[in-house]
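Colleague: Could you take me through the aromatic contacts of a model, and show me how such features are read?

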Amino acid sequence: MKFPANRVAPPLWLLVLVTFSGTLAMHMFVPALPLVARELHATTAAAQLSISLYILGLALGQLVYGPLSDRWGRRPTLLAGLSLYTAAAALCLAAPNVHTLLAGRLLQALGGCAGLLLARAIVRDTSDAQQTLQRLATLGLITLIGPGVAPLLGAVVVSHAGWRWVCACFVALGAVALAAVALRLPETRPAVAAQPRRGSLLADARVLLRSRDFVACALGGGCSTTAFYAFVAAAPFIFVERLHRPLHEVGLYLMAPVVGMSLGNFAASRLAPRVAPLGLMRCGATLSLACALALLAALALAQPPAWAVAAVMGVHAAGAGLTSPAVSTRALSVDPRLTGSAAGLYGFTQMAIGALCSALAGLGTDHGVAAALVLVGAGAVAQTAFRLGLRTPA
């Protein structure tokens, strides 16, 4: 797929900014939950629902923004999403009760997922396949910083100024992102996607779901890159109840997958010119599956040290980081007319698989073994999808 010479890629900082706008609002709000429950006279479960609804909004919104951006363009769709994000953050800031806050959080997620989704589509619009892989890897490497530092930043703001100031930060972030897009982002949608087409959003989805390549990427990519949520959900039980470590150390051990994913993204960006994307996918998936088997054996047959469990999960996440840019690139390249739709459906599938894996990790009496079994199963599905569904290079 060739791109015209005047198709200029937007600055990386802009894509990071619009991606951060969606992800920071989920992680940065977590330290505010106890204060929210106290000040709004709500239950702890109601306060925690503000996180669950945000994840739901991120998943559902991706099904809509992708197809709409294929029809209306990336720029107006992103402007609309960021406007909704900023207005909803202002609603949360002024919320008089928990019900208004929950509605605002859902609307904020529905707006914020526009940046999370369309940043990938914009990269694909302005790059060939190899450049897309490299740029997605770099973007992923940078945006991983957000989930790592957001809870710490949120805790500082909450402890010094209160939970409403966290919402004020979201309003400011949304306004800055909105201004940056309005001033610096040209329309990047390919001309072929701009041609009038008959059909609905469901018709676009059917086209993608009939593609063996896309289905293999969506299924294998989701199992490779978000299955580790099973470990995240089980981490307090593994480290505190099973391995008898203090609760405050759990956050430190959970940094291992973040570091591993970052290293995998970095390796993918460096290897892209020399290794075929399909090779990166299979190597990354094999590494993750081997680590999942090692974790299962260690937790089922022995009492491993906490540092060893964290190290194994760090390497597991490195495999996911190696796989992620390559599989995203191939998924977004199935049909040039449907890049936005592909990004949305792929992103939704990732989050749905991550949610399913985290739920399955709670089954049984030994959450560590359950999480390891989920990781092994997801790794096996990813290997099968990549080896049977993707038989030819992209």
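This is a predicted model: local features need pLDDT of at least 70, side-chain atom pairs count only at pLDDT 80 or more; totals for chains, interfaces and linings use all residues.

Modeller: Residues are numbered from 1 along each chain as its sequence is written, and side-chain values use heavy atoms, with hydrogens and water left out.

Colleague: How is a pair of aromatic rings described, and how many aromatic pairs does a search of the whole structure find?

Modeller: A pair is described by the distance of the ring centres and the angle of the planes. Rings of Phe, Tyr and Trp (its six-membered ring) pair if their centres lie within 6.5 Å, and planes under 30 degrees apart count as stacked, over 60 as edge-to-face and the rest as tilted. The search of the whole structure finds 2 aromatic pairs. The centres of F231 and F239 are 6.0 Å apart with the planes at 90°, so this pair is edge-to-face. F239 also pairs with Y253, stacked at 4.5 Å centre to centre with 20° between the planes, and F231, F239 and Y253 form one aromatic cluster.

Colleague: Are F239 and Y253 buried or exposed?

Modeller: Buried means under 20% relative accessible area, exposed over 50%, and partly exposed in between (1.4 Å probe, protein chains only). Both F239 and Y253 are buried, F239 at 0% relative accessibility, and F231 is buried as well, with a relative accessible area of 1%.
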